[in-house]
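User: I would like to learn how to read the features of a helical model step by step. Could you take me through one, giving the general idea and then the case at hand?

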Amino acid sequence: MNESIDTRIRSVALNIRKIREFRNYTQEYLAMKLGISQNAYSKIELGYTRITLERLIQISYILDVDTVDLLSANAEDLVQLHTTK
């Protein structure tokens, strides 16, 4: 079970990174908006830091993406979804 949870965490982290890159935002920009260091933000995208629901909602708001999409879509589909909007 832990392996599947770790896989999902990495998937969400990848989704966050992909949509950030799609929006042409830097890690520094997201970190500043979240009030954390760039290093701390980088750990979120790498899946090293387990984020709270509140942090996930903050990230989705900054990236202008539905929180559910970050949790359920794969990275390519997520970018495709936002390309067609």
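**Reading a helical model**

Analyst: Asn39 counts as partly exposed, with a relative accessibility of 47%, and its place is in helix α3. This is a predicted model, and every value discussed here is to be read with that in mind.

User: What does the secondary structure of the protein come to, and how do the elements run from the N terminus on?

Analyst: The protein has 6 helices and 0 strands, so that its elements, read from the N terminus, run α-α-α-α-α-α. Of its 85 residues, 33% are buried. Among contacts between residues at least 6 apart in sequence, 60% join residues at least 24 apart.

User: How should I describe the packing of α2 and α4, and at what angle do they pack?

Analyst: Two packed helices are described by the angle between their axes together with the distance between the axes. Here helix α2 (residues 27-34) packs with helix α4 (residues 53-63) at an angle of about 125 degrees, and their axes are 11 Å apart. Angles of 65 to 115 degrees count as roughly perpendicular and those over 145 as roughly antiparallel, and α2 and α4 are therefore oblique to each other. The crossing in which α2 passes α4 is right-handed.

User: Which residues in α2 meet which residues in α4?

Analyst: From α2 come Tyr29, Leu30, Lys33 and Leu34, and these meet Arg55, Gln58, Ile59, Ile62 and Leu63 in α4. Sorted by class, this contact of α2 with α4 has 6 nonpolar, 1 polar and 2 charged residues.

User: Which residues of α4 are buried, and where around the axis do they fall?

Analyst: In α4 the buried residues are Leu56, Ile59, Ser60, Ile62 and Leu63. Seen down the axis of α4, they fall within an arc of 160 degrees, so they line one face of the helix. On the other side of α4, Leu53, Glu54 and Tyr61 are exposed.

User: Which residues of α3 are buried, and how wide an arc do they cover around the axis?

Analyst: In helix α3 (residues 38-46), Tyr41, Ser42, Ile44 and Glu45 are buried. Their arc around the axis is only 155 degrees, which puts them on the same side of α3.

User: Let us turn to the backbone. Which residue just after α3 takes a positive phi, and which residue does so just after α4?

Analyst: Just after α3 the residue is Gly47, whose phi is about 80 degrees. Just after α4 the residue is Asp64, with a positive phi of about 55 degrees, although Asp64 is not a glycine. Asp64 has its place in the loop between α4 and α5 (67-72), and Asp64 is exposed, with a relative accessible area of 58%.

User: Where does Asn24 lie, and is Asn24 buried or exposed?

Analyst: Asn24 lies in the loop between α1 (2-22) and α2, and Asn24 is exposed, its relative accessible area being 68%. The phi of Asn24 is near 60 degrees, a positive value in a residue other than glycine.

Note on methods: Residues are numbered from 1 along each chain as its sequence is written. This is a predicted model: local features need pLDDT of at least 70, side-chain atom pairs count only at pLDDT 80 or more; totals for chains, interfaces and linings use all residues. Side-chain values use heavy atoms; hydrogens and water are left out. Axes are lines fitted to C-alpha atoms, for helices over the stretch in contact, and angles run from 0 to 180 degrees between N-to-C directions. Helices (H or I, at least four residues) and strands (E, at least two) are DSSP runs, numbered from the N terminus. Angles under 35 degrees count as roughly parallel, over 145 as roughly antiparallel, 65 to 115 as roughly perpendicular and the rest as oblique. A crossing is left-handed if the near helix is turned anticlockwise from the far one by less than a right angle, and right-handed if clockwise. Contact means heavy atoms within 4.5 Å. Ala, Val, Leu, Ile, Met, Phe, Trp, Tyr, Cys and Pro count as nonpolar, Asp, Glu, Lys and Arg as charged, and the others, Gly among them, as polar. Buried means under 20% relative accessible area, exposed over 50%, partly exposed in between (1.4 Å probe, protein chains only). The arc is that of the directions from the helix axis to the C-beta atoms.
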